Amino acid sequence: QGEALHNWVSLDLWFGMVVSALFSMDCSGTHRIWSKLFDSDTMNVLKSTGEKLDTWGKDKGGDLEEMDGLDEGLCTILVECIFVWISKPLVEEPTSDWLKKYLEDDMLKSYKAFNEL
């Protein structure tokens, strides 16, 4: 309890998760998850940067230099990611049912793999 994100995931994995989320910021579920970690200003940067990346992708990878503000947006997001990764405590805990299912799935996979040797 009260552990920070850096106790659970590496910084490069965390960066990858956030950059992946940039491509799905229009999904309400994604927005709900990230808004628990980032303030409203950062959420606005995430949304606008995601839109710019989406436009860039639809243009089949046009010149990134033409995407005005994309570099500033990405820098802002990555700096904010470091802050969240280091200092923001994780406040949600898994439910007992979720944890039981997670552990059961993991144990069943190990058991099956062992029996297949």
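The following legends describe views of a predicted model.

**Figure 1. Overall fold of the predicted protein model.** The protein contains five helices and zero strands, and its elements run α-α-α-α-α from the N terminus on. Of its 117 residues, 22% count as buried. The accessible surface comes to about 8,700 Å², and carbon and sulfur atoms account for 59% of that area. Considering contacts between residues at least 6 apart in sequence, 65% join residues at least 24 apart.

**Figure 2. Crossing of helices α3 and α4.** Two packed helices are described by the angle between their axes and the distance between the axes. Helix α3 spans residues 40-58 and helix α4 spans residues 70-87; their axes come within 9 Å and cross at roughly 135 degrees. The two helices are therefore oblique to each other. The crossing of α3 and α4 is left-handed.

**Figure 3. Residues in the contact of α3 with α4.** From α3, the contributing residues are Thr42, Val45, Leu46, Thr49, Lys52 and Leu53. These meet Leu70, Gly73, Leu74, Thr76, Ile77 and Glu80 of α4. By class, the residues of this contact comprise six nonpolar, four polar and two charged.

Figure 4. Apart from neighbours within four places in sequence, Thr49 is in contact with Leu22, Leu70, Gly73, Leu74 and Ile77. Among these partners, Leu70, Gly73, Leu74 and Ile77 belong to the α4 side of the contact between α3 and α4.

Key
Residues numbered from 1 in each chain as written. Predicted model: local features only at pLDDT ≥ 70, side-chain atom pairs only at ≥ 80, totals over all residues. Heavy atoms only, no water. Axes fitted to C-alpha atoms, helices over the stretch in contact; angles between N-to-C directions. Helix = DSSP H or I, 4+ residues; strand = E, 2+ residues; numbered from the N terminus. Parallel < 35°, antiparallel > 145°, perpendicular 65-115°, else oblique. Left-handed = near helix turned anticlockwise from the far one by under 90°. Contact = heavy atoms within 4.5 Å. Nonpolar A, V, L, I, M, F, W, Y, C, P; charged D, E, K, R; others polar. Buried < 20%, exposed > 50% of the residue type's maximum accessible area, 1.4 Å probe, protein only. Areas by Shrake-Rupley, 256 points an atom, 1.4 Å probe, with all protein chains shown as cover.
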